Amino acid sequence: MITLHHLENSRSQRIAWALESLGLEYEIKRYKRDSSSAAPESLKKVHALGKAPVLDDDGIVIAESGAILEYLCDRYDDEKRLRPVSAEDMLSYRYWMHFSEGSLMPLLVMTLIFSKVPKQPMPFFVRPIAKGLCGKIQENFVNPRLQPMIELVEDTLSQQTWLAGERMTTADIQMSFPVQALARAVEVDKFPNIQRFLNQVEDNEFYIKAKERVGAFGPLAS
Ligand SMILES: N[C@@H](CCC(=O)N[C@@H](CS)C(=O)NCC(=O)O)C(=O)O
């Protein structure tokens with residue numbers, strides 16, 4: 001039996017989408033975030049870091065979304081429904097699979113943190129300092145690194161339907177979450193191909209099924 005350990009509004013929605021796309025049976029074990037948005041301690045009983053997603057396939061326990069998606073493809077996708085066929089697309093596929101968590105997500109997590117810090121309880125005279133500091137780091141460190149990444153995604157999608165070619169793959173599933181998070185941080189209507197990608201994701205029949213099954217979907221709001 002496959003069990004998806006799912007934390008509300010988290011990256012684990014991607015795994016539900018992949019499981020639906022592969023037509024696999026699975027159960028969902030749900031976890032709620034605490035008041036600081038952290039996962040509950042009970043998730044540490046499933047995997048040492050206590051982060052979502054975690055997949056349990058008949059006792060094989062896997063963490064890290066990218067590793068889980070690769071495992072699912074290796075074990076259950078002989079027909080290459082979610083993987084590219086050509087060697088060229090395979091190279092892009094690998095790139096986007098790693099770019100998602102390795103390059104894009106860290107900057108988006110920083111953006112989320114810098115937007116939240118000034119809203120935390122603190123002495124009134126500290127708040128403008130916290131706001132100014134967070135704003136400066138966002139402006140001088142995060143944005144100059146984030147902007148070229150957004151442009152790269154936009155440019156790639158201006159040349160092809162999906163990130164690794166003309167067919168949807170797990171690279172698109174893996175990238176869907178940061179791109180949705182991006183849409184909350186920047187005005188994506190300035191990026192028509194990113195907007196189109198988001199629409200394709202939302203219209204995908206297996207994404208819709210996963211959303212119906214999982215419930216609360218989408219990155220954590222700031
Ligand atoms: N790179 C990991 C990130 C895992 C991760 O940070 N998950 C978040 C949910 S989106 C989490 O569990 N946060 C709760 C916490 O850190 O306590 C992956 O892709 O699986």
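Reader: Which space is the largest pocket?
Author: This is a predicted model, where local features need pLDDT of at least 70, side-chain atom pairs pLDDT 80 or more, and totals for chains, interfaces and linings use all residues. Residues count from 1 along each chain as its sequence is written, and side-chain values use heavy atoms, without hydrogens or water. A pocket is an open set of points on a 1 Å grid over the protein atoms alone, where a 1.4 Å probe fits, with protein on both sides within 12 Å along at least five of seven lines. Here the largest pocket is the space taken by the ligand.

Reader: Which residue has a side-chain N or O atom 2.5 Å from an oxygen atom of the ligand?
Author: Polar contacts are pairs of N or O atoms within 3.5 Å. A ligand nitrogen lies 2.8 Å from a polar backbone atom of Ala 52, and a ligand nitrogen is 2.9 Å from a side-chain N or O of Glu 64. The 2.5 Å pair, with a ligand oxygen, involves the side chain of Ser 65.

Reader: How much of the ligand's accessible area does the protein cover?
Author: Accessible area is computed by the Shrake-Rupley method with a 1.4 Å probe. On its own the ligand has 510 Å², and the protein covers 82%.

Reader: Which residue is joined to Ala 52 by a cis peptide bond?
Author: Omega of this bond is about 10°.

Reader: What is phi of Glu 64?
Author: Glu 64 is in the loop between β4 (60-63) and α2 (65-76). Its phi is positive, in a residue other than glycine, and is near 75°.

Methods
Polar contact = N/O pair within 3.5 Å; in protein donor to acceptor, adjacent residues only side chain to side chain. 1 Å grid on protein atoms, 1.4 Å probe; cavity = no way out; pocket = protein on both sides within 12 Å on 5 of 7 lines; lining within 4 Å. Sits in = over half its atoms within 2 Å of the grid points. Helix = DSSP H or I, 4+ residues; strand = E, 2+ residues; numbered from the N terminus.
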